[in-house]
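This report looks at selected elements of a structure, taking one chain and then the other. Please keep the view open while reading.

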Amino acid sequence: MKNIIIEKTLKLDCGKEISNFPLAYETYGNLNEKKDNAILIFHALTGDQYASGINPITKKEGWWSYAVGPGKSFDTDKFFVICANVIGGCMGSYGPGTIDPLTNKPIGTNFPVITINDMVNAQYNLLDYLKIEKLFAVAGGSMGGMQVLQFVSNFPNKAKVALPIACTASHSAQNIAFNELGRQAIMSDSNWKEGLYDEKSTNPDKGLAVARMAAHITYLSKQGLQEKFGRNLQERSDLKFGFDADFQIESYLRYQGSVFVDRFDANSYLYITRAMDYFDLTKQYGGNLSKAFKDTKTKFFIISFTSDWLYPTSENKDIVIALNAIGADVGFVEIKTDKGHDSFLLDVPDFLSTIKNYLNTTYSNINERRI
Amino acid sequence: MKEEFKVISKFIKEKSRVLDVGCGDGILMEYLLKNKVVDVRGLEISKEKVKKCLSKGLAVIEGDAENDLKQFPDLSFDYVILSQTLQAFMSPENVIENLLRVGKKVIVTIPNFGHWKVRLDLLLKGEMPVTKNLPYQWYNTPNLHMCTIQDFYNFCKNKRVNIYKSISLNGEKISNIKTSNLKYKNLISELGIFLLEK
């Protein structure tokens, strides 16, 4: 596992300072001689640095395998793709699961509350380490998209292109509500122990699984669920008049919950959802989102999905409107799909091909200095 | 229509900011990028066409002119172009008003309903005209508000909109429209191209 130790002190939004902390990352493709082909990808709530190929820990396909790889949307034959695990995460970066050398136990809820801003500032160090002066692009969906927005506002003109996908500039009450539901599920599991559980023995797995089940519903659309499962029964010909998983949708959700706990830490789930809830870029700039992008020369390409009700088109469009208000270079399209918020992770050909063409054309246009 | 693009391109000064409303596949945007040093943006209602534009790296946003022009600040573009779509809006009046708000100058092109073939169709056949520029039947046409060059002149006069230049296109023939030849040009032009200012 690749990681860097960030020695420099990072002042967090909560007021605490951290230093000498690890940041785990992965790269795909090669940085060219001109060092102008680097793309920094930000992962979503439950992602990690393994965007593509086989994740060496879970042995499963990387979370953005449809989009990242040779010949794909983020073409690793052409681009140097970097992805880091966010701080607060549980795939090697500094998080609540990190062992505290003083106690030899996980830091747990003694870990400071972090924000999207903190995540982005931590990852900036990776660019210094990789000696990348200017990124070709920053991209990400959902919480990854929020990081894209925060990144371009914190580091203006560090990236030539920004692709915030299926995200928002300000977490809505509904978003916070769903996250709170997940957190309550975890915290009401008796194994949670105020967050000071020992990862090796008893974890709040039941609570985390319920959190995942609830969240998973928000990633899909009603129509998508209906088409995939309907009222189909799970390996039985009739209802059993009990509380077993009679329906396929129940069995599916239980499965999603159970596999999730094997790869994710409950405390990380608390910290990262909190960071999302605290995200309000509009407020950071005094109620005027346009100010977050003042004087930007970055080309923005914003994408939303018709069936995404978690981060609906209207919220993505607010970002477009803020950018247009200051004459920024912005493209926007709403992709038609019934796959819900999860669309950005799935095989949605229109979405994948539009990104691929956009990046390839823009890269050559910039090189030919046409734009 | 290449001639239309040529005329529009001639209207536009180098290094200006341009918004193409209803930019379609982005052909005019590409033409302007290639032939003029301009900063050009597009607004388009069709998802398919927006995807095509974005695939070409063009800065196009999905949206419709009747609702989404609001987001652009006053006079934020040097030129706003509306090519052959005015007649398709619910309220052409509001759209023109918004175009003139967003753009320092506005270029509007209209298919001319006053063309002699159109008049003849209605006069002789007594049927709604179907022509090369207006290929639809009355029951499936997206064109809700057809007008003639004369109508557009009258509209501008009523609304106190200055027509800086007006060009007639008839096939490949490009000519100037003046008050003195308006009646005649209204008869022979397939397309009218106008450069407007509030």
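How many residues lie between β6(B) and β7(B) in their hairpin, and which residue in the turn has a positive phi? In this predicted model, the hairpin of β6(B) and β7(B) leaves 2 residues between the strands, and B:G171 in the turn has a positive phi of about 60 degrees. Strand β6 of chain B covers residues 162-170 and strand β7 of chain B covers residues 173-176, and the two pair in the antiparallel sense over 4 bridges. Within this pairing, B:S168 of β6(B) is the residue that stands opposite B:S175 in β7(B).

Chain B as a whole contains 8 helices and 8 strands. Its radius of gyration is 16 Å, close to the 16 Å that the globule rule gives for 198 residues, so chain B is as compact as a globular protein of that length. Along the principal axes, the C-alpha atoms of chain B fill a box of roughly 50 × 35 × 30 Å.

The axes of helix α3 (residues 173-187) and helix α7 (residues 266-278) of chain A come within 10 Å and cross at roughly 160 degrees; because angles over 145 degrees count as roughly antiparallel, α3(A) and α7(A) are roughly antiparallel to each other. Their crossing is left-handed, and the residues that make the contact are set out below by helix.

| Helix | Residues in the contact |
|---|---|
| α3(A) | A:N175, A:I176, A:N179, A:G182, A:R183, A:I186, A:M187 |
| α7(A) | A:A266, A:Y269, A:L270, A:T273, A:R274, A:M276, A:D277 |

By class, this contact of α3(A) with α7(A) has 7 nonpolar, 4 polar and 3 charged residues.

Methods: Residues numbered from 1 in each chain as written. Chains lettered and ligands numbered in written order. Predicted model: local features only at pLDDT ≥ 70, side-chain atom pairs only at ≥ 80, totals over all residues. Heavy atoms only, no water. Axes fitted to C-alpha atoms, helices over the stretch in contact; angles between N-to-C directions. Parallel < 35°, antiparallel > 145°, perpendicular 65-115°, else oblique. Left-handed = near helix turned anticlockwise from the far one by under 90°. Contact = heavy atoms within 4.5 Å. Nonpolar A, V, L, I, M, F, W, Y, C, P; charged D, E, K, R; others polar. Pairing = 2+ DSSP bridges. Rg over C-alpha atoms; globule rule 2.2 N^0.38 Å.
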